[in-house]
Amino acid sequence: MAIMVPAFVFLTLFVYFPIVKGVVISFQNYTLYDMTNIHWIGLDNFRAIMTDINFGFLQIIINTVIWILVSLLFQFLLGFILALLMKEPFRGRGIYSALVFYPWALSGFAIGLIWAWMFNGQFGIINDVLLRLGLISNNVGFLSDPRYAMVSVIVANIWYGVPFFAIMLLAALQSVPAELMEAAKIDGAGPVRRLFSITIPYIKPTIVSTTLLRTMWIMNFPDIIYAMTGGGPSNSTNILATQMINKILQFYDYGQGAAFGVVIMLILFAYAIIYLRISATKEDATI
Amino acid sequence: MKKTIAVLIVVMTLLSVSVCASATTLNFLEVMTSPERTALLKSMIAEYEELNPGIKINLISPPYEQSDQKATLMLNTNQPLDIIEVRDYTVKQFVNNKKLTDLTDYVNEWSDAETLTPVATAAATTVNDIPYLVPQSIFIKALFVRTDILAANGINDTPKTIEELVEVSKKITNPAKNQYAFAWRGKSFEIKFADLFALPYVEDFKNAKYIYSEDESYFLDPGFKEGMEAYITLFKEGVPKDGINWGFNEQINAFVSGATPFLIQDPDAIPLIDKLLGPDKYEVVTLPVGPHGFSYIDYGFCGLGIPSYSKNKKEAWDFIKWMSSPEKNGYYNEHYGPLPVHTTTFETNEHFQGKHYVAYDYEMNHPEQFLFVTYDLASEKWPGWAKIHETDMQSVLLGKMELDTALQKWADYWQK
C-alpha cells in the first residue's frame, strides 16, 4: 500500500487538483482584470460562450470536428504507409527513420511559425513553387482566404503528426509473427489480403489506442493554429482550444476559458467511452 | 606567518559573511522580454550594483508570450518582488487588484520628474491620475516611407494626408509587378491601424478624452464611416490580399522587400529596419492627417512600479530613480528602440537627434495637430475588444459582413 503513496500524491497534486480547480473556475466570475471580485455565477460562463455573437459556438464546434477528423485521417494513413515502408530493412534505415521522426521533436508553436512563412501569400515558398510549376497564375492567400486557411493549418498538423503514427505502428508491425505471414502467403493470400486479414487485425489494439490518443491531443492542440492564423481569418480556423486560449490571453477571462476547458473535457470523455465501446464490440464480433 | 595568514582568512571570511548578510536583494520582473533587452538590462543592473555595493538585483525574465500571466500570478500570490515592469495593458489590472504602490510621494521629491515629456507624464498617471509607475519607454506611431520605391514610380513627395496616401497607393499599385503600397496589419492589434484612419475623419474627436469609451464612441458618426471607407479602399487597391493575415513580421518584411513602400510603425522598428535595409533607403515622416487637419497619438508605454507588498520599497525606488534619469533612460532606449521619457534626451542624445526620430519629436511637440489620446484601458470592455474588432474587420474585408453592420455592432458593444 505504501508503495502507492508517491503516485497518489503526485496525481492528486499535479493532475486532479488542476482539473478540479479548472472546473470550479468555470462556475465563477474569474477575470485577471479584477481578481478582487471573484464570485460564483452558476452556468453563466457556459451560457456566455455558447451564445457569443462574436465567436459563434456552432462554427467553432464544426471547425474543431473538421480539424480533428481530417488531421487524424491523413496522419494515420501517411503514418501507416511510412511504417509499412520502413518495416523491411534497407540501407540507411536508421538515418531515414531519424529524419521521418524529426517533426515530432519540434514545438508546435515553432512548426506553426515555419508553416506560416511557407504558406505566406506574398513571400511564401509554396506559392513560389506552385507559380513556377504553372499550377497557379496568381499568388494564393492560403492563410488569408477562409476557403484555404483551414486546409493550410491542417496540412501543417498532418506533417507534425505523421511521425507519431509511423513510430507506434512500426513498433506494432514488427511484432507481427513472420511465420503467420509466410503461412498466409503459402495459402495464396496476396499482399492486400494479408494486410487486411492479418496485419491490421493483429495490430488493432495499437491502432485503437493511438487513434484515441491522437484525437485527444489534436483536440487539445491550439499551437499550430495560434501561430499561423490566430483562429482567423474571420473565425474560419477557430477551434475550441484556440478560443480557450483567446479567452485567457486576450480577454483575461479565466472563467470562460475554463468553461471551454470543461466543454473539451466532457466531449473527450464521451468520445473515449463511445470509441472504446465500439472498438471492443467489433473485436468481440471478430472473435 | 602561518598564524597571520590564518587570522587574515578568518577576518576576511567574517567580513564577507557580514557583507553578504547586510546586502539587500531586489527581485525585478521584466515582461517585455527579448534576449537583446535582457542583456541590456543586465549590463545596467551590473553598473548599478557596482555603484551600490549593498544592493543585489535579481532579474526575472519570463518568455514574452507568458510574461504578463507570470507577472499577474506572482503579484496575486504575493511572491517576493520589489520592482515590476508595468505596461499600458496591465497597469489597470494591477491597480484593481491592489498590487501597485502609489508613487506620488517618491515622484514629488524626484527632481528629474520636471523634464518628463507630456506623454510620459500622462502615461505615469493613466489610472486615477495617480503615478503607479515611472514610464521607461514610449511607443507612438509614424509613417515609414521607402522613398526609393516611390521615386521609381514617379512620386517625389511623401503623403501628408490620408487622402493623399490612398491616392498615391492606388497610383503605384501594380499586382502584375508585385508592387503594392501599404504594409497592412490584419491581426494582432490591427485595431490600432484601422482607428488611425477612421477617427481623424471625425471632427468632434478633437475634444475626445479617450479614443472611445462607454461614455463616448464615434462608430456611428458619418465621418468615422468615411474614414473606414478610405481604409478599406486602401486595402482593396493598395495591399496584397494576404494582408488580412499579416502581423508585425509580415509588415516589416513587406516594407523591407519594397513590396509595400508605406508602413506605419513604432520607433522600435527603426533598429530592425536599419539592420535589414540600411538607414538611408527610407524616411520616417509624421502620420498622415485626416480632412480636419489632425491625427492622434495613441501612446503605448512600459515602465517600472513597486509591488504594494514589497519590503524594500525605498531601495526599489532608488533603482527606479537611477534607471529613469535622463542619462540612463536615454542610453536604455537608444539600445532598446522606443522613445525616451525626458524632453532633454532629444536635445542631448545624438541618437535621438537622428533623421528617423525627427517625426516622432514633431508629433510629440504639436498636440494641436497630433492629439494625445489613448484607449480607455481601464474599461472592462477593453480586454478582448481588439480580438472582436480583428474578427469583424476580417469579415468586412472578405465581404462576409457589411461595414454598416460592423459599425453598429461596435457601437452596441461600447454602449453602457
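This is a predicted model: local features need pLDDT of at least 70, side-chain atom pairs count only at pLDDT 80 or more; totals for chains, interfaces and linings use all residues.

**Entry 1: a helix pair in chain B.** I started with helix α9 (residues 191–198) of chain B and helix α10 (residues 222–238) of chain B, which pack at an angle of about 120° with axes 7 Å apart.

Which residues make the contact between α9(B) and α10(B)? On α9(B) I found B:Ala194, B:Phe197 and B:Ala198. On α10(B) I wrote down B:Phe224, B:Gly227, B:Met228, B:Ala230 and B:Tyr231. Sorted by class, that contact has seven nonpolar residues, one polar and no charged ones.

**Entry 2: a helix pair in chain A.** Next I picked helix α3 (residues 57–87) and helix α7 (residues 146–173), both of chain A. Their axes come within 6 Å and cross at roughly 40°. Angles under 35 degrees would count as roughly parallel, so I put α3(A) and α7(A) down as oblique to each other. The crossing of α3(A) past α7(A) is right-handed. For their contact I noted 21 nonpolar residues, six polar and one charged.

**Entry 3: between the chains.** How many residues of chain A are in contact with chain B? I got 24, and they meet 30 residues of chain B. What sort of residues does chain A bring to that side? My tally reads 14 polar, nine nonpolar and one charged.

Technical notes. Residues are numbered from 1 along each chain as its sequence is written. Chains are lettered from A and ligands numbered from 1 in the order in which they are written. Axes are lines fitted to C-alpha atoms, for helices over the stretch in contact, and angles run from 0 to 180 degrees between N-to-C directions. Helices (H or I, at least four residues) and strands (E, at least two) are DSSP runs, numbered from the N terminus. Two residues are in contact if their C-beta atoms, placed from the backbone, lie within 7 Å. Ala, Val, Leu, Ile, Met, Phe, Trp, Tyr, Cys and Pro count as nonpolar, Asp, Glu, Lys and Arg as charged, and the others, Gly among them, as polar. Angles under 35 degrees count as roughly parallel, over 145 as roughly antiparallel, 65 to 115 as roughly perpendicular and the rest as oblique. A crossing is left-handed if the near helix is turned anticlockwise from the far one by less than a right angle, and right-handed if clockwise.
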